[in-house]
Structures are given as structure tokens and as C-alpha cells.
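Okay, everyone, thanks for coming. Let me put the structure up and walk you through a few things in it.

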Amino acid sequence: MIRRQPVSATADHAEERTNPAARLGFQPGQVVQEIGYDDDVDQELREAIEGVIESDLVDEDYDDVADAVVLWFRDDDGDLTDALVDATTYIEEGGAILLLTPKTGRAGYVEPSDISEAATTAGLTASKSVSVGKDWSGSRLATPKAAKSKR
């Protein structure tokens with residue numbers, strides 16, 4: 001007689017499902033630059049990212065390249081395409097930008113079509129979109145080399 005043992009997900013897999021920072025692909029040791037910080041950002045998400053990368057997020061004054069950029073963007077922050085193009089100058093080749101925008105009905109909401117158009121114009125590929133908190137949605141945008149390497 002064969003006895004079957006119940007199998008559960010490992011702690012790593014469980015964290016990937018529950019921690020938005022892990023779901024978004026952040027890794028220990030990464031340098032993550034944060035742009036667009038203001039009083040309305042999701043502090044829990046920031047802390048989750050810092051927990052995964054095992055370090056503080058670096059700010060807009062960081063003078064080296066980062067592995068990834070977290071860009072908080074609201075509709076009244078200016079031109080999204082320009083913000084995305086600027087963000088690509090801060091990351092390593094093949095790095096990713098996590099674009100965070102307010103959810104539908106929140107102040108500063110950005111239309112998904114505007115995000116798609118700006119990403120395409122900036123030469124980025126949207127590889128994942130996810131709810132990252134009560135008030136924020138995230139779009140993971142990759143540079144073309146990063147997008148090709150995942151195929």
C-alpha cells in the first residue's frame with residue numbers, strides 16, 4: 001500500500017504568492033532606485049521590496065546604475081513617456097522598471113492605454129501587471145534585452 005503525504009508549497013513559493021515584491025521579481029542583493037516618492041506611496045510595498053532586496057531603496061540622487069527602478073507616477077506628474085525614458089537611464093542593461101500608478105477611481109489615475117503607449121514609445125515591453133496594494137497598480141516594464149532573455 002502506498003501512503004501519500006500531503007505536499008505543501010515551500011516557504012519560497014508561498015512568499016512569491018503573498019509578497020508583491022517577490023511576485024514582481026525583486027531579488028536579494030539588487031540595487032533598486034525609487035523615483036517619484038511622495039506622501040501617498042504604499043509604505044508596505046516599499047518595506048516589502050526592501051525586505052526582499054535586503055537593503056534600502058536608493059533615491060533619485062543615486063549616482064550609479066541600478067538593477068531596477070521603482071517609479072511612482074500620477075497623472076499630474078508630467079509626461080509619462082519622458083519619465084520612463086529618464087528611468088531607463090538609471091538601470092543596468094536588461095533591468096526592469098516597476099511603474100506604479102494609482103488604481104481606478106484614485107486621484108492621479110493613469111489610463112492603461114496611456115501606460116501602454118508611453119512604454120512602447122520609451123522602448124519598453126510590459127511583461128507583467130499586478131495589483132500591489134489597496135491604492136496602487138504596478139506594471140513591470142522591461143528593456144528589450146531583458147524581454148528577449150525571458151523567451
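So, aromatic pairs: how many do we get here? The count comes to one aromatic pair. Keep in mind as we go that what you're looking at is a predicted model. The two partners are Trp 72 and Trp 136, with ring centres 4.8 Å apart and planes at 80°. Planes over 60 degrees apart count as edge-to-face, so that's what we call this pair.

Where do these two tryptophans sit? Trp 72 belongs to strand β2, which covers residues 66-72, and Trp 136 belongs to strand β5, residues 136-142. Buried or exposed, then? Trp 72 is buried, and Trp 136 is buried as well.

Let me zoom out for a second. The protein has six helices and five strands. If you read along the sequence, the order goes α-α-β-α-β-α-β-α-β-β-α. There are 151 residues, and 42% of them are buried. Now take the contacts between residues at least 6 apart in sequence: 73% of those join residues at least 24 apart.

Next up, a pair of helices. In general, two packed helices are described by the angle between their axes and the distance between the axes. Here we have α4, residues 80-88, and α5, residues 112-121, packing at about 45° with axes 8 Å apart. That angle makes α4 oblique to α5. As for handedness, α4 passes α5 in a right-handed crossing.

Which residues actually meet there? From α4 you've got Leu 80, Thr 81 and Leu 84. On the α5 side they meet Asp 114, Ile 115, Ala 118, Ala 119 and Thr 121. Sort the residues of that contact by type and you get five nonpolar, two polar and one charged.

Last stop is a glycine, Gly 94, which you'll find in strand β3, residues 91-102. How accessible is Gly 94? Its relative accessible area is 32%. Buried would need under 20% and exposed would need over 50%, so Gly 94 comes out as partly exposed. Gly 94 also gives us a distance to look at: from Gly 94 to Ala 68 is 26 residues in sequence, and 9.2 Å in space, C-alpha to C-alpha.

Okay, over to you for questions.

How values were computed:
Residues are numbered from 1 along each chain as its sequence is written. This is a predicted model: local features need pLDDT of at least 70, side-chain atom pairs count only at pLDDT 80 or more; totals for chains, interfaces and linings use all residues. Side-chain values use heavy atoms; hydrogens and water are left out. Axes are lines fitted to C-alpha atoms, for helices over the stretch in contact, and angles run from 0 to 180 degrees between N-to-C directions. Helices (H or I, at least four residues) and strands (E, at least two) are DSSP runs, numbered from the N terminus. Angles under 35 degrees count as roughly parallel, over 145 as roughly antiparallel, 65 to 115 as roughly perpendicular and the rest as oblique. A crossing is left-handed if the near helix is turned anticlockwise from the far one by less than a right angle, and right-handed if clockwise. Contact means heavy atoms within 4.5 Å. Ala, Val, Leu, Ile, Met, Phe, Trp, Tyr, Cys and Pro count as nonpolar, Asp, Glu, Lys and Arg as charged, and the others, Gly among them, as polar. Rings of Phe, Tyr and Trp (its six-membered ring) pair if their centres lie within 6.5 Å; planes under 30 degrees apart count as stacked, over 60 as edge-to-face and the rest as tilted. Buried means under 20% relative accessible area, exposed over 50%, partly exposed in between (1.4 Å probe, protein chains only).
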